[in-house]
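Subject: Structure for you to look over

Dear colleague,

I am handing over the structure below, together with some notes on what was found in it. Please read the notes with the structure open beside them.

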Amino acid sequence: MQAVQREIAEQLNVQPPFADKAALEAEVARRIKFIQECLVNSGLKALVLGISGGVDSLTAGLLAQKAVRELRERSGDDSYKFIAVRLPYGVQFDEHDAQASLDFIQPDDRQTINIGPAVKGLAKEVTAFEGKSEATVDFVVGNMKARMRMIAQYTIAGACQGLVIGTDHAAEAVMGFYTKFGDGACDLAPLSGLVKNQVRAIARSFGAPESLVEKIPTADLEDLSPGKPDEAAHGVTYAEIDAFLHGEPVREEAFRIICETYRKTHHKRVMPFAP
């Protein structure tokens, strides 16, 4: 089992557990430098990130805001900025958490785009939905929401000469828990290789409210299951996923679920298949 865990962890470039506070701070500094280099090398001036109210976008937002703040101070170029975007589908049930995240991050610019009209308009034109079950349509429309959010972010990035930040990390990557060409699409992924408890640890190191750091993760894409916890969709807990990726013992059933899901979602982690 450990050999399989080690192989998957290597493929996902999983980072080892933080040995101490100094190791955590060094990793934060490394990732901030990475963000800065991506922006400077691109010749662009803005970073764009959708803020959902979860700990992943909170953490990525904190890293991004610090990265551009340091860039401005170091270069004297005040045109560097971080744009945090709210992308609700109508009224989000946990909007208070999203606003709390924004208030804590204190981004240079806040923008809001309601994706509801665009998603509903497109769904009405899809004749393939005819005869399909309510659950099937709800699931597909959920993925449509994720893709529409990415369209909105890239539109803002294009208008503001920016790069789009993604929030994918190792604990999601191993489960393929993101929408292909939706929240899985981005220009840079500063949380890549981290497990969930490391993402939380970084947010906590910034002094983020514990209510946001330990908030139950949810993609919240399905109208029939609003606020459905990620772990309910996974069939395993994030603690088990983290342990698996760090080579620690896990339940036999958890090992099976993670390995099978990793295999089935392979297509999400690679470029389009070609002959």
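Angles between axes of 65 to 115 degrees count here as roughly perpendicular. Please keep in mind throughout that this is a predicted model.

I begin with a pair of helices. The axes of α11, which covers residues 238-245, and α12, which covers residues 252-264, come within 10 Å and cross at roughly 80°, and α11 and α12 are therefore roughly perpendicular to each other. On the α11 side the contact is made by Glu 240, Ile 241 and Phe 244, which meet Ala 254, Phe 255, Ile 258 and Cys 259 in α12. By residue class, this contact of α11 with α12 consists of six nonpolar residues and one charged residue, with no polar residue taking part.

The next topic is a pocket. The second largest pocket holds about 530 Å³ of space and has a lining of 24 residues, among which Tyr 178, Gly 184, Lys 268, Arg 269 and Val 270 lie nearest its centre. The lining of this second largest pocket divides into 12 nonpolar, seven polar and five charged residues.

Several annotations from the record can be set beside the model. An unreviewed UniProt entry places the feature "binding site" at Arg 147, Lys 180, Asp 187, His 267 and Lys 268, and from this set Lys 180 and Lys 268 belong to the lining of the second largest pocket. Lys 180 itself is found in the loop between α7 (170-173) and α8 (196-205).

The UniProt annotation "binding site", again from an unreviewed entry, also covers Gly 50, Ile 51, Ser 52, Gly 53, Gly 54, Val 55, Asp 56, Ser 57, Thr 167, Lys 196 and Thr 218; of these residues, Thr 167 is included in the lining of the second largest pocket. Ile 51 lies in the loop between β1 (46-50) and α3, whereas Asp 56 lies in helix α3 itself, at residues 55-75.

Note on methods:
Residues are numbered from 1 along each chain as its sequence is written. This is a predicted model: local features need pLDDT of at least 70, side-chain atom pairs count only at pLDDT 80 or more; totals for chains, interfaces and linings use all residues. Side-chain values use heavy atoms; hydrogens and water are left out. Axes are lines fitted to C-alpha atoms, for helices over the stretch in contact, and angles run from 0 to 180 degrees between N-to-C directions. Helices (H or I, at least four residues) and strands (E, at least two) are DSSP runs, numbered from the N terminus. Angles under 35 degrees count as roughly parallel, over 145 as roughly antiparallel, 65 to 115 as roughly perpendicular and the rest as oblique. Contact means heavy atoms within 4.5 Å. Ala, Val, Leu, Ile, Met, Phe, Trp, Tyr, Cys and Pro count as nonpolar, Asp, Glu, Lys and Arg as charged, and the others, Gly among them, as polar. On a 1 Å grid over the protein atoms alone, a cavity is a set of points where a 1.4 Å probe fits but cannot get out, and a pocket is an open set with protein on both sides within 12 Å along at least five of seven lines; lining residues have an atom within 4 Å of a point. Grid points are joined across faces, edges and corners, and a volume is the space filled by probe spheres set on the points. UniProt positions are given in the numbering used here, feature names are shortened, and annotations may be inferred rather than shown by experiment.
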